[in-house]
Amino acid sequence: MSQPPKNPLFSREMGLSARFGLYVLASLVIAGVEARYDVLHSVRVGVNGLLGPVRVTLARPWEWLREAGDFFVIHGALQAENRRLRQEREHLLAYQLDRQALQAENRHLRASLELPRPPGVTPIHAEIMQTAPDPFMHRVIINRGSTQGLAAGWPVIDGAGLVGQVTRVFAFTAEVTLLTDKDQGAPVMNMRNGLRLIVSGTGTQNLLEVRFLGMHADIKAGDWLYTSGIDGVYPMGIPVAKVMNTSQAHGAPFIQAQCRPLGGVGRYRQLTVLRPAPASPVEKP
Amino acid sequence: MTPAQGTRPKHFLPKGTELVAPPTRIKVFGSLLLALALNLSPWVDSVRWLVPDFAFMVLLYWNIRAPWFAGLGMAFVLGLIADVDRGLHMGLSSLAYCLATFLVLSLQRRLENFDAFSQGLQVAPMLLGKDALVLVLGFWFGHHSIDWRWLAAGVVSALLWPLLAWLLDVLTGHASKPQPD
């Protein structure tokens, strides 16, 4: 050993309790600053920039294993999948034609009503790297960051519907808060009757809820909820949830609706981040 | 090196203090880095909440075996890294780490003479309490939706302690300590 151990009883540095007190104070100051101000965000970004490459390196062996596993897929399985995908493609093409016709009609109608065009969005594809091990929030880390031009607040979707929202952006990664997080909400619209609602997470994996509905709100099991687009964060028309049942808590003057998220919250690996159109002021008609 | 170096003063440890391979800086920092790497590894989502905080366990081990290398400063830095890694409110883990290290350092003379298993029983409150403290502090700092499942990681780490302590004991030669008669 290069140095003999210090004897804590007779050392000339501060006592253990005093040093402990200092460190507790430092931790509390950091926590307090974090709670009130945003200055520690750059520290977080910096440290994450160091941890990011380590994480990627550590994930590499597992990816190799998975790729090796994928390599030995049976020929028959591939053929079956190919057939299924072909059918699906035909299906989608037909659907696309229909959609194009509808879009043309929509443009025409909007033009005749002189409504502003809905803001366009640019999709950025991303992949989930890992789930953030956080006991307080439902979050995932994706492999796109400020280098790819991401910014906090952008919506994240997958093939089936809304998944969440980008909440923190680092150099090469970003944190997405899932829709199921208790503090996360999305303004939605009931497709059946256009009723505008706010759907929020419950903190459990596969359940959303609409809290505080008026007693006579027209919502029932089987309704589809799509984003209404009135908040300016989520573009209009992204599928969000399907209502499973409505209930009234005992003695409460409200009813609640339990919904199942449509997007693969916590299921798939591939996601799409929607970059909102560059801010263009909406012309007043 | 002489046997007197690297050991505690004679009157505190009456027997079997000569270590075959005493803890060195490389061993301490190497094992801590390895534990950090385990923490940063991509664990499967469904078991993520069961994965113990390896860096914290190794830190407590070195608090017991080599307090002159791993003390409060190390706990503070590791805590901050854990906060950033987990995306937690900053300062929570560093506070919890420092408290656990403080308790272990205060009990260090007592803890270092136990075998891995009984040591595990005495360190268990720290291992369980760390996660509980982080959750409570998080609640206090305004994160009101708490997933209490994460307390299970503390139980797992308490169960894993004997194994980890034994492994590191082998590394530092404590395992081959002659049994007092």
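Reader: How many bridges join strand 8 of chain A to strand 11 of chain A?
Author: In this predicted model, strand 8 covers residues 208-213 of chain A and strand 11 covers residues 255-261. Val210(A) has Ala257(A) as its bridge partner in strand 11. The two strands run antiparallel, and the number of bridges joining them is 4.

Reader: Which residue has a positive phi of about 55 degrees although it is not a glycine?
Author: Most residues other than glycine have a negative phi. The exception here has its place in strand 8 of chain A. The residue is Phe212(A).

Reader: Does Phe212(A) count as buried, partly exposed or exposed, and why?
Author: A residue needs 20 or more other C-beta atoms within 10 Å to be buried, and 12 or fewer to be exposed. Phe212(A) has 14 C-beta neighbours inside 10 Å, so it counts as partly exposed.

Reader: Which residue of strand 2 of chain A is the bridge partner of Gln130(A)?
Author: Strand 1 and strand 2 of chain A pair in the antiparallel sense over 3 bridges. Strand 2 spans residues 139-142. The bridge partner of Gln130(A) is Ile141(A).

Reader: Is strand 4 of chain A mostly covered or uncovered, and how many of its residues are buried?
Author: Strand 4 covers residues 162-169 of chain A. The strand is mostly covered. Of its 8 residues, the number buried is 6.

Reader: Through how many residues does a hairpin join strand 3 of chain A to strand 4 of chain A?
Author: Strand 3, residues 155-157, runs antiparallel to strand 4, with 3 bridges between them. Pro155(A) stands opposite Gln165(A) in strand 4. The hairpin passes through 4 residues.

Reader: Which residue of strand 5 of chain A stands opposite Arg168(A)?
Author: Strand 4 of chain A is joined to strand 5, residues 174-178, by 5 bridges, and the two run antiparallel. A hairpin of 4 residues connects them. Opposite Arg168(A) stands Glu175(A).

Reader: Which helix of chain A gives the most to the side that touches chain B?
Author: Across the interface, 39 residues of chain A are in contact with 40 residues of chain B. Helix 1 (16-36), helix 2 (40-71) and strand 1 (121-131) of chain A each supply at least two residues of that side. The side of chain A divides into 23 nonpolar, 6 polar and 10 charged residues. With 12 residues, the helix that gives the most is helix 1.

Reader: Which helix of chain A is among the elements that cover the buried residues of helix 1 of chain B?
Author: The buried residues of this chain B helix include Val28(B), Leu32(B), Ala35(B) and Leu40(B). Their cover includes helix 2, helix 3 and helix 7 of chain B. From chain A, the cover includes helix 2.

Reader: How far apart are the end C-alpha atoms of helix 6 of chain B?
Author: This helix has 25 residues, 116-140. At 1.5 Å a residue, it should span 36 Å. The computed distance agrees with that, at 35 Å.

Reader: Where in helix 6 of chain B does a kink of about 45 degrees lie?
Author: The kink comes shortly before the proline Pro125(B). The kink lies at Val123(B).

Reader: Is Ser118(B) buried or exposed, and why?
Author: Ser118(B) lies in helix 6 of chain B. Ser118(B) has 12, so the class is exposed.

Technical notes: Residues numbered from 1 in each chain as written. Chains lettered and ligands numbered in written order. Predicted model: local features only at pLDDT ≥ 70, side-chain atom pairs only at ≥ 80, totals over all residues. Contact = placed C-beta atoms within 7 Å. Nonpolar A, V, L, I, M, F, W, Y, C, P; charged D, E, K, R; others polar. Pairing = 2+ DSSP bridges. Expected span 1.5 Å × (residues − 1). Bend = angle between axes of the 7 residues up to and from the residue.
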